[in-house]
Amino acid sequence: MKEKLVEILKVVTYYPRKIIDAMMFYFYFKNKNDWTLLKKFANRPILIVGNGPSLNKTPLEKINKSFVSIGMNKINLIYEKSSWRPDIIACVNGFVIRQNKEYFNTTKRILILPIRAFYLGVKPRKNILFVNLKDQHKMEKNIENVLSTGCTVTFTALQIAAYLNPKFINIVGVDHSFVVQKVGVSAAESSLRSTNNAGVQKFKGDDVNHFSKDYFKNRYWGLPDLDGSELLYQIAKDYFDLNQIPIIDYTVDGKLNIFIKDDVNAIIKMDNNNRKEALSV
């Protein structure tokens, strides 16, 4: 019942929220954002780090530290397991912003957040870039003006990567596989490939879909839409192919087949100038 009420509230408040967001962006945050924070990350290799369980099998500490790393959502939960830290963290999901607000309000990492984060309690600071979200299936290179939203935050990260005009892009931790609990059925018994009718659910017990069991443990989350995500990934791939920017997915046992895939050990051996395997595939 609570899940249904949350979904209804999202629908009813959608247009008022969009209007408020747009006004706050154009009359305040657009001029306040300090985009020079990202200048040092331009024209370099990118590492996009997802939140899948495979991240527990990914030796992030051994990956070239010169790669600009973009983490997502509650990536900070991996800090207790790893000395690795992201350069940039992106989050556009309201549930995650509420749940991770304490970290967002204390970290000095560069954060890219939607306007709604402000009225959800995230305090404006120099290290935060508040972006204007638009519901569209389009790669936006100039995220200073607008950033396309979608059913996966990884699409957000890919647009941030495009903005940085990268030499090449590496992906890890994007498992593209979820367990969605059905009413009265345990998580282990309800593994689904996709959920096209995405909605809201309170995950019961330990989270098996992310690298931390506490990620959405007994918390609300937006149900995944893998088919919709694949559509967005294909749009991103077409963009990077057109711009001759190699992108390879090194996710351990990942189920996503949009991008060229390779073994995670290959990225560990890679340096800043050695990209022969990407260019020759």
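Visitor: How do strand 2 and strand 3 pair, and over how many bridges?
Guide: Strand 2 and strand 3 are paired in the parallel sense, over 3 bridges. Please note that this is a predicted model.

Visitor: Which strand is joined to strand 2 by 3 bridges and runs parallel to it?
Guide: That is strand 1, and strand 2 covers residues 68-72. Ile46 has Val68 as its bridge partner in strand 2, and Ile48 stands opposite Ile70.

Visitor: What is the strand order of the open sheet?
Guide: The sheet has 8 strands in the order 5-4-3-2-1-8-13-14, with parallel pairing. Its edge strands are strand 5 (128-131) and strand 14 (260-261), each of which pairs on one side only.

Visitor: How many bridges join strand 4 to strand 5?
Guide: There are 4 bridges between strand 4, residues 110-114, and strand 5, and the two run parallel. Leu111 of that pairing stands opposite Ile128 in strand 5.

Visitor: Which helix packs on the sheet, touching strand 1 and strand 2 among others?
Guide: Helix 6, residues 153-163, packs there. Besides strand 1 and strand 2, helix 6 touches strand 3 (88-90), strand 4, strand 8 and strand 13 (247-249). The direction of helix 6 makes about 155° with that of strand 2.

Visitor: Let us pick a residue in helix 6. Is Thr154 buried or exposed?
Guide: Thr154, which lies in helix 6, is buried: its relative accessible area is 6%, and the cut-off for buried is under 20%. Leaving out residues up to four places away in sequence, Thr154 touches Ile48, Met72, Val174 and Tyr233.

Visitor: How do helix 6 and helix 7 sit relative to each other, and why?
Guide: Their axes come within 10 Å and cross at roughly 15°. Angles under 35 degrees count as roughly parallel, so helix 6 and helix 7 are roughly parallel to each other. Helix 6 passes helix 7 in a left-handed crossing. Thr154, Phe155, Leu158 and Ala162 of helix 6 make the contact with Leu232, Tyr233, Ala236, Tyr239 and Phe240 of helix 7.

Visitor: Changing topic: where is Ser148, and is it buried or exposed?
Guide: Ser148 is in strand 7, residues 147-149. Ser148 is buried, with a relative accessible area of 0%.

Visitor: What does Ser148 touch?
Guide: Not counting residues up to four places away in sequence, Ser148 touches Lys134, Gln136, Lys138, Glu140, Phe155, Thr156 and Gln159. The side chains of Ser148 and Gln136 are also joined by a polar contact of 2.9 Å.

Visitor: And Asn43, where does it lie?
Guide: Asn43 lies in the loop between helix 2 (14-32) and strand 1. Asn43 is partly exposed, with a relative accessible area of 43%.

Visitor: Which residues is Asn43 in contact with?
Guide: Leaving aside neighbours within four places in sequence, Asn43 is in contact with Leu164, Asn165 and Lys167. The side chain of Asn43 makes a polar contact of 2.9 Å with the side chain of Asn165. Asn43 and Val68 are 25 residues apart in sequence, and their C-alpha atoms are 9.8 Å apart in space.

Visitor: Lastly, how many helices and strands are there in the protein?
Guide: The protein has 9 helices and 14 strands. Of its 281 residues, 53% count as buried. Among contacts between residues at least 6 apart in sequence, 57% join residues at least 24 apart.

Note on methods. Residues numbered from 1 in each chain as written. Predicted model: local features only at pLDDT ≥ 70, side-chain atom pairs only at ≥ 80, totals over all residues. Heavy atoms only, no water. Pairing = 2+ DSSP bridges. Buried < 20%, exposed > 50% of the residue type's maximum accessible area, 1.4 Å probe, protein only. Polar contact = N/O pair within 3.5 Å; in protein donor to acceptor, adjacent residues only side chain to side chain. Contact = heavy atoms within 4.5 Å. Axes fitted to C-alpha atoms, helices over the stretch in contact; angles between N-to-C directions. Parallel < 35°, antiparallel > 145°, perpendicular 65-115°, else oblique. Left-handed = near helix turned anticlockwise from the far one by under 90°.
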